[in-house]
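The following note sets out several points for a reader who is new to structural models. Please keep the structure in view while working through them.

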Amino acid sequence: MNNDDRTTPGAPTPDAATGHGSIRLIEERCTSCMICVRECPTWCITIEAHSEVLPDEQGHHPSRQRVRTVHVLDEFTIDWALCMYCGICIEECPFDALEWAGPHVLGAADLVGLVHDRHALAEAGSR
Amino acid sequence: METCIDWFGDGSLVVVDLSLACCAVESEFAVPEGAPRLSAVPEGAQVVAVISGTIAAPVADLVRTRIDSLGERTHVVAFGACACAGGPYWDSSAIVPGTGRLTHVDHLIPGCPPPPSALAEHVERLRDGGGEVT
Ligand code: SF4
Ligand code: SF4
Ligand code: SF4
């Protein structure tokens with residue numbers, strides 16, 4: 001018995017109307033820049049990353065004294081118990097690595113179950 | 001503060017919705033049309049307490065007392081980010097950051113607010129699963 005359709009017959013449900021059910025992480029675009037983490041009003045995004053020296057001459061070049069490194073993402077989580085679905089992270093990401101996706105995040109039996117890791121976020125919307 | 005809703009109209013499952021803030025608009029919208037409002041829980045009915053909205057610190061004791069009064073076997077649902085973990089106000093001293101600080105919680109529904117369908121579907125699964133669903 002889903003009363004979302006009590007308004008106008010055939011009217012879209014809130015999920016379908018806004019498309020704001022979950023957020024997908026497109027990992028290959030993410031540079032671990034932390035902008036989304038800092039901009040999120042509820043601090044519900046966490047990122048863990050490490051630096052790696054670029055290969056060969058990209059990293060160590062005779063003309064440079066300093067080595068060049070790149071951030072590599074180790075973990076990315078969103079705590080859905082706190083997310084207010086504001087979309088600021090999506091708006092602020094300079095690399096379009098986040099996007100609205102899929103149906104509303106399912107409930108869970110405990111708070112830990114509402115923390116989605118990078119694998120779950122990569123698959124948002126595909127279930 | 002709340003109503004006692006005979007969700008399926010057959011006395012099998014009642015929902016007590018503690019409407020505390022904006023999320024209550026959505027949880028109210030999930031109620032099946034014409035579901036009877038009762039003043040007491042019928043004998044043998046499964047009881048589901050829904051916390052919808054921000055738990056302001058001054059009402060925390062009221063919320064805890066009311067949930068406790070429904071009995072140990074009450075299935076407690078935190079509906080929305082405020083009830084789950086304090087939502088946008090999680091670091092404010094004026095609120096309780098989540099229903100779990102007051103009582104046991106069986107199911108948490110994310111969203112600010114969640115869609116009504118998330119609650120309706122969970123209550124239906126509870127009935128179908130004989131209360132064993134989390
Ligand atoms: S939608 Fe808003 S609250 Fe949710 S993770 Fe993004 S910035 Fe944070
Ligand atoms: S703002 Fe975008 S690129 Fe930067 S860490 Fe967040 S998701 Fe990754
Ligand atoms: S979760 Fe959002 S919509 Fe629900 S009560 Fe809190 S602020 Fe209001």
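1. How do the residues of the lining of the second largest cavity divide into nonpolar, polar and charged? In this predicted model, eleven of them are nonpolar, one is polar and none is charged.

2. The members of that lining may be located on chain A. Cysteines are found among them, namely Cys30(A), Cys33(A), Cys36(A) and Cys93(A). The lining also includes Thr31(A), Ile35(A), Ile47(A), Phe76(A), Pro94(A), Phe95(A), Ala97(A) and Leu98(A). The volume of this second largest cavity is about 60 Å³.

3. The count of cavities of 30 Å³ or more comes to two. The largest cavity holds about 80 Å³ of space. Its lining consists of 14 residues, and those nearest the centre are Cys40(A), Cys44(A), Cys83(A), Cys86(A) and Cys89(A). By class, the lining of the largest cavity has twelve nonpolar residues, two polar residues and no charged residues.

4. A ligand site on chain B also deserves attention. Around ligand 3 lie Ala21(B), Cys22(B), Cys23(B), Gly53(B), Thr54(B), Ala81(B), Cys82(B), Tyr89(B), Gly111(B), Cys112(B) and Pro113(B). Eight residues of this shell are nonpolar and three are polar, with no charged residue.

5. The confidence of the prediction should be read alongside these points. Chain A has a mean pLDDT of 88, and 84% of its residues reach 70 or more. Over residues 1-6 of chain A, however, the pLDDT is below 50; this stretch has 23 contacts in the model beyond near neighbours in sequence.

Notes: Residues are numbered from 1 along each chain as its sequence is written. Chains are lettered from A and ligands numbered from 1 in the order in which they are written. This is a predicted model: local features need pLDDT of at least 70, side-chain atom pairs count only at pLDDT 80 or more; totals for chains, interfaces and linings use all residues. Side-chain values use heavy atoms; hydrogens and water are left out. pLDDT is the predictor's confidence in each residue, from 0 to 100. Contact means heavy atoms within 4.5 Å. On a 1 Å grid over the protein atoms alone, a cavity is a set of points where a 1.4 Å probe fits but cannot get out, and a pocket is an open set with protein on both sides within 12 Å along at least five of seven lines; lining residues have an atom within 4 Å of a point. Grid points are joined across faces, edges and corners, and a volume is the space filled by probe spheres set on the points. Ala, Val, Leu, Ile, Met, Phe, Trp, Tyr, Cys and Pro count as nonpolar, Asp, Glu, Lys and Arg as charged, and the others, Gly among them, as polar. A residue is near a molecule or strand if one of its heavy atoms lies within 4 Å of it.
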